[in-house]
Structures are given as structure tokens and as C-alpha cells.
Amino acid sequence: MIERIRENQFSQLILAHLKETIREPGVLFWGIIFPILMSLGLGIAFTQKSDSIRKVAIIDDSTRVQLPVGKKLLISDFLKNNQAKNVIDPHYKNCRQITIRDDKLGNLSVLFLTMAWEEAMVKLKQGELNLVLMEKNGQLEYHFDPLNPDAQLTYLKLSKFISRPGTQVSENTDMIVPMTLKGTRYIDFLIPGLMAMGVMMSSMWGISYNIIDKRSKKLLRRMVATPMKKTAFLSALITVRTGMNFIESVLLFIFAALVFHISIQGSIPALFLIFIAGNIAFAGLAVFISSHTRNTEVGNGLINVVVMPMMILSGIFFSYHNFPDWSITVIKNMPLTMLADGIRSIFTEGAGLTQIAIPAMILSGGGIILFIAGLKMFRWH
Amino acid sequence: MNKQAITEVIDVWKSFKTVQAVRGISMRIQPGEFLALLGPNGAGKTTLVEMIEGIQKPDKGEIYIEGKSWNGNEKELQNIIGISLQETHFIDKLTVAETLMLFASFFRLDRGRVNEIIEMTGLEEKRKSYVVNLSGGQRQRLALGIALLNKPKLLLLDEPTTGLDPNARREVWEILRKLKKDTGTSLILTTHYMEEAEQLCDYVMIIDHGQVLREGSLHQLLRDGNDDMMIEFTLNSPFPEGLDHSLDFNIQWDDNSRKAIAFVKNIETDLLRLLSFLREHDLQPGNLIWRKKTLDDLFTTLTGRHLND
Ligand SMILES: Nc1ncnc2c1ncn2[C@@H]1O[C@H](COP(=O)(O)OP(=O)(O)OP(=O)(O)O)[C@@H](O)[C@H]1O
Ligand SMILES: [Mg+2]
């Protein structure tokens, strides 16, 4: 019995597609390792608060100014009060550092560099300095570009302490509640997008390229000259792809769950449904665009034309809500957007079957229509 | 007695945009018969064969396999023919055995048949090699093996030995000869190699520009007009036209090779007559040879070209 199933043409086609796919060394990398690396890279870059260093120049002309009696130099007072460390820096003679501890927003180290006004201006323009401090008549002047958020931030943090003589930098005791709630971080946005993109990329390249390549090698022509069922050929190809996409997505999820503690808040059956619908959509699209050409270069072009706009517009890496209003309606109706938004709503908003039903229907319906249309004009020779 | 032909092709025509690839070809093949389609590049061999295979549709004319036309009998006919296309690449990263198993499944055949084919085509050592790593000859044997999987009643091989070295070619011939001895398979084979047609086939059709120039059994073709010996020699100056009217055989002059060719019936008498004729006209023959006429000679006289050009 088992032997009979193995000798069945559908099983054999599945085996053949599977073997030819996994025996290509690139598959493992592009399908599994690459998305994981991407999530790791982007996830770390955009989620973790690291200690930041800001450079501030102190203009050294205070010696020439006559101090009113009883007034202290604000800056040197500040530095002394806080036991600024002397730091050896090859580029600056006089360099002192103060660290403002902050558990919630990340520690801020400020390097105070003493230099002349002209030098400070040059460095400020080059972006090497965030802020220039100058003391005139016992008044502190802050020079910085108000449009630069980094400079603003440095100003706000520093001014809090320096302007009040005698204050010491202290831990941040404000009531700040960091948004580390699951589902609101960048990584929570990214992982569903990467899963959707994985489905699109691997279906489009895997299915379309496979078909066009076999057509150009005249293997399709050879195969349909046997009693092979044409639909068995295509459905085996699609089945293998869907299975591989499933494994790739699960691995990506496991990775993200372990490293970033990402979790699925909505319904698993809904997730399954939208995933299958997305696979149907992209399989249909893949069969459709590869139905005619026998030139692999033309095929490359076609696939890129379809894939590229969606990669950019569909909100995989960054939300599409910054695009002009008129384009958002279009973007929302692209299959990749539907799939990514669908998966995302299950992951982060706790969506269930009811919220997913309509996009899932549109995706699978569109996929089936494209598949049938593709099959109608399919060139086997 | 009129046995049913395994294949019958009746006045088949096929054009593409700018070329008429096949212009009214008919043929009839009996069970067990091996037929060669011999012709230069672009003669229309592949087009004709692919029409018989049901891959292309003729513009005009009829094709029957075991009395059935392709229309409506596709699956049935596909089950009784075995084909090897002029160029097919199989799946690079499947092994020989896996490739055969895949095609076997299309015919609902089992692993046992795959093993038979591997043995028959001498691919035992290569059964676990990826197709991409096979040599040209091994690849052709694999293609032949796939064609033979379903024990076809009609085998169609499009240039099965093109590009192979003489040894690899002989290996393919050996498989086909054995097939001829052991089974009742009919074969349609296209080739540029007259030696291949001579070695394997009972019946030869020489085609060019989509038409049959000459056909018959090898014996018939080579004894065409009873001129079955050929004499060839060089001359310093072109052979004057019409000079040979006093002889009862023709002398043809080929300006390219600067050779004169004569086909004769009886070499002992005709050679002597030719030599004295040349002496009478003060012509000095060089490099004179004589040999049995071959299909290539026949082809050259029919088309003014060599087969492999
Ligand atoms: N699909 C096609 N579209 C246009 N022209 C074609 C097509 N197939 C064949 N031809 C033309 O038809 C003619 C016959 O081609 P065919 O391939 O049948 O020749 P052949 O005898 O098999 O040649 P070869 O020995 O080179 O394989 C050629 O002039 C070829 O260019
Ligand atoms: Mg050909």
C-alpha cells in the first residue's frame, strides 16, 4: 500500500520538487537563515536602548570675563560637583565625562571638550558636536541646531542640571513607563511582515522560476508528452512551496519568540487560515506570471516588477501610513499588504477568524482566479 | 496481406511564420520496423517527428498511431509511444534513479521497471549520480531509458547520438539493436549520420526543405539505377560539360572540392573505359579512388550538399 502511494505520480512529483529544492544550497540560506538574520539585525537596531554618548563643547573664554562677585562659573562648578572624570582622547586636550544614569531611557554619557569658538562651530557643522556651551556674564548660552532631535535631547537633559547651581545629576525618578508591552515594539511589527514577505518571495521565485526554467529547458514539453496530469505537476509544485513556507515561518517565529519574546495574541486557526490564503494568492500570481514566457531573463524581470513595489509599499519594514492618502487605498489592497496586515493583526492586536475572514477570502479567491487564468494560457511547449 | 501499420502519416504539412517546415510528407511504418529520417539542419525532421508525437499539430494532413489520431486519444497514445526530444535537460539535482522513478510514475510503473531500464542502458554505476554530473553520452542513455520505460510500441528518437563520440554512439546503437532483436518495437529515428541509418534502420527517408527526396530500403537506395559503385578523382581544370555524352555513365564536376564523380554499375569494365576516355581527351586524373556508394554520396548527388554541412 505504502509502495503504491510512493509510486503515485503526485507523490513522485512532490518528492522530485522537494529534492530539487532542498538540494540547492541557496535555499537554506535565503529561506531560513536570511530572514532570521534580518530580524536579528533590524530587531536589535531598533529595539534596544544602548548607552549613548554626546559631545558638548565648552568655549574657553571665561578667563577673560570679569566675574561678578559671588558668582561661580556654572560649568566648572557643575563639573566639579559631579566629579567629572578626565578622559584621555587623542583629539582633544581637555576632555571630561559625566554619565547621567537612566534605567528607563538609557544612560547618557556627556563628553565635555574645551575648545575655541571657531573650532566648535566647525565641529558643530560637521555633526561631531551636539551642543556648544558658552558662559557669558554668568549666563549660560546653549548653541545648537533646534531641528536636530539629538541636540535638543542633550540640551534638555543637561539644562535640567546645570542651570541650578549646586545640583547633582541624579537617577531619573520621573514616572516614565516604557512601552515594552508586547505588541508595541518594532520587532512585533517586523516579524509578521517578514513572514508575509517570506511567503511572497519564496512563492514567486520558487514557483515562477521553476516553471520558466523547466520550460526553457524543454522539460515541460517532455513531461506533458507523457500521461502526466498537468494539474498534478502544478499542484505538487505549489504544495511543496507551501510546506517550505510553513517551515520557514515557524522557524522564524521560534527564533523571534526565543530572542525577542514575541508572542501571538490572537487566534492560531485564524493565523493558519490567512497563511494558507496568502500562499494561495502568491502561488496563483506565480503561475500566472510564468504561464507564458520561456526566457528566464524575462521571467526575472516579471517577478521583480511584481515583487519590488510590494516590498517597498506594503509596510513590511515601515508603516505605509506615511504615504499620501490617495495611495493608501491602493497599498492596502495589494496582496502582500493584506497578508502582512492580517498576520500582524493576529500577532499584535489579538485578531480572530472574524477579522481575518475577508482578507483571507480575497487572497485565496484572487489566487484561484489567477491560477485558472494562468492555466488557461499556460504554455507547456 | 496488409498488416495494420503502427504509424501512418498522410500528406502532412506544417508552416511557421516564414518557413514551410514540412511540405507534404507521407509514411507508413510496420510493427518492428526501424525507419531513419535523414536530412541536413533545418530539413524539417524535428517538426515532422514532433507532429507524430502529438507535440505539434499539423496544418494539414493526417497522422494515425495504431489507427488512432491524436484528437481525443491523447492519454492512450501517450501510453504507447516512447520519445526522446532533440534537446531535453532533466532536473539537475535529481539522481538517475530518481528521474526514472518520476517518469515511471507517470506511466504507473514500479521500481522494478526502473531497475530493468538502468540495467538495459548500462547506467548502474551512475544510478545515484545527479543528472547534472552525467556525461553527454550518459545523459543520452538516460533520455533513451526514459523513452523505453513504458515498453513503447513506437519509439521516436530525435538525434539520439548527436554530439557523442564514436564509442558513446556505438553504445546507443547497441541498446537499439538489442531492442530490435528482443521486442517488436518500431522506431523512427532522425539523424545526420548516414552510418547510423545504415547500421540501424530497414528503411530510410532522405528529406530536405520539408520534402522527401528519396526513400526506400537501404539496399534499394544504394542500388538506385544500379549505379552502386562510385569513382572519384581530381582534375587540374574543370571537367568540360557535355564531354561525357559518349560514355554510358555521367561524370559530375564539383567545383568546391575540384573533384569529378562518376557512378558506375560494373567497376571492372567501367573503370577501364573511364581511364581510356580521360587519356583520349588529354585529362590527367589524380587521387583516383573507387568504393561502394554510400548514403552520403546519394545525398550529395540529390542536394548538392553534404549531410553534415
Ligand atoms: N517553432 C518554430 N518557429 C519558427 N520556425 C520554426 C520552428 N520550429 C522549426 N522552425 C523552422 O522550421 C524548419 C525546420 O526545422 P526542424 O527543427 O524541423 O529541422 P530539423 O530537420 O530538425 O533540423 P536539425 O537537424 O537542425 O535539428 C527550420 O527552418 C526551422 O527554423
Ligand atoms: Mg531537429
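Reader: Let's start with a helix. Which are the buried residues of α3(B)?

Author: Happy to begin there, with the reminder that this is a predicted model. A residue is called buried when its relative accessible area is under 20%. In α3(B), the buried residues are V96(B), A97(B), E98(B), T99(B), L100(B), M101(B), L102(B), F103(B), A104(B), S105(B) and F106(B). That makes 11 of the 11 residues, so the helix is largely enclosed by the rest of the structure. Just after α3(B), look for R108(B), which has a positive phi of about 55 degrees.

Reader: How many helices and strands does chain B have, and what share of its residues count as buried?

Author: Chain B contains 10 helices and 13 strands. Of its 309 residues, 50% count as buried. Along the principal axes, the C-alpha atoms of chain B fill a box of roughly 75 × 45 × 45 Å.

Reader: Now a strand. Which way do the residues of β6(B) point?

Author: L154(B), L156(B) and D158(B) point one way, L155(B) and L157(B) the other way, and all are buried.

Reader: Which strands does β6(B) pair with, and in what sense, parallel or antiparallel?

Author: The general idea is that strands of a sheet pair through backbone hydrogen bonds, either parallel or antiparallel. Here β5(B) and β6(B) pair in the parallel sense over 4 bridges, and I83(B) stands opposite L156(B). Strand β7 (residues 186-191) of chain B also runs parallel to β6(B), joined by 5 bridges. In that pairing, L155(B) is opposite L187(B).

Reader: And in chain A, what is the order of the strands in the open sheet?

Author: Follow the 6 strands as β2-β3-β4-β1-β5-β6 in chain A, with mixed pairing. β2 (85-86) and β6 (139-143) stand at the edges, each with a single partner strand, so one side of each has no neighbour in the sheet. For an antiparallel example, take β5 (residues 131-136) of chain A, which 5 bridges join to β6(A). Within this pair of strands, V132(A) has H143(A) as its bridge partner.

Reader: Let's turn to the ligands. How many residues surround ligand 1, and which are the closest?

Author: There are 14 residues around ligand 1, and the closest are N41(B), G42(B), K45(B), T46(B) and T47(B). By class, the shell has 5 nonpolar, 7 polar and 2 charged residues. Helix α1 (residues 45-52) of chain B gives the largest share, 3 residues.

Reader: What polar contacts can I look for around its oxygen atoms?

Author: A backbone N or O atom of A43(B) lies 3.1 Å from an oxygen atom of ligand 1, and a polar backbone atom of G44(B) is 2.9 Å from an oxygen atom of the ligand. For a side chain, turn to E159(B), where an N or O atom is 3.0 Å from an oxygen atom of ligand 1. On its own, ligand 1 has 630 Å² of accessible area, and the protein covers 63% of that.

Reader: Which residues coordinate the magnesium ion?

Author: T46(B), through OG1, and Q86(B), through OE1, coordinate the magnesium ion (ligand 2) at 1.8 to 2.1 Å. This pair links distant parts of the chain, 40 residues apart: T46(B) is in helix α1 of chain B, while Q86(B) is in the loop between β5 (81-84) and α3 (96-106). Q86(B) is partly exposed, with a relative accessible area of 35%.

Technical notes:
Residues numbered from 1 in each chain as written. Chains lettered and ligands numbered in written order. Predicted model: local features only at pLDDT ≥ 70, side-chain atom pairs only at ≥ 80, totals over all residues. Heavy atoms only, no water. Near = heavy atom within 4 Å. Polar contact = N/O pair within 3.5 Å; in protein donor to acceptor, adjacent residues only side chain to side chain. Areas by Shrake-Rupley, 256 points an atom, 1.4 Å probe, with all protein chains shown as cover. Helix = DSSP H or I, 4+ residues; strand = E, 2+ residues; numbered from the N terminus. Nonpolar A, V, L, I, M, F, W, Y, C, P; charged D, E, K, R; others polar. Donors = N, O, S within 2.8 Å, 3.2 Å for Na, K, Ca; no water. Buried < 20%, exposed > 50% of the residue type's maximum accessible area, 1.4 Å probe, protein only. Pairing = 2+ DSSP bridges.
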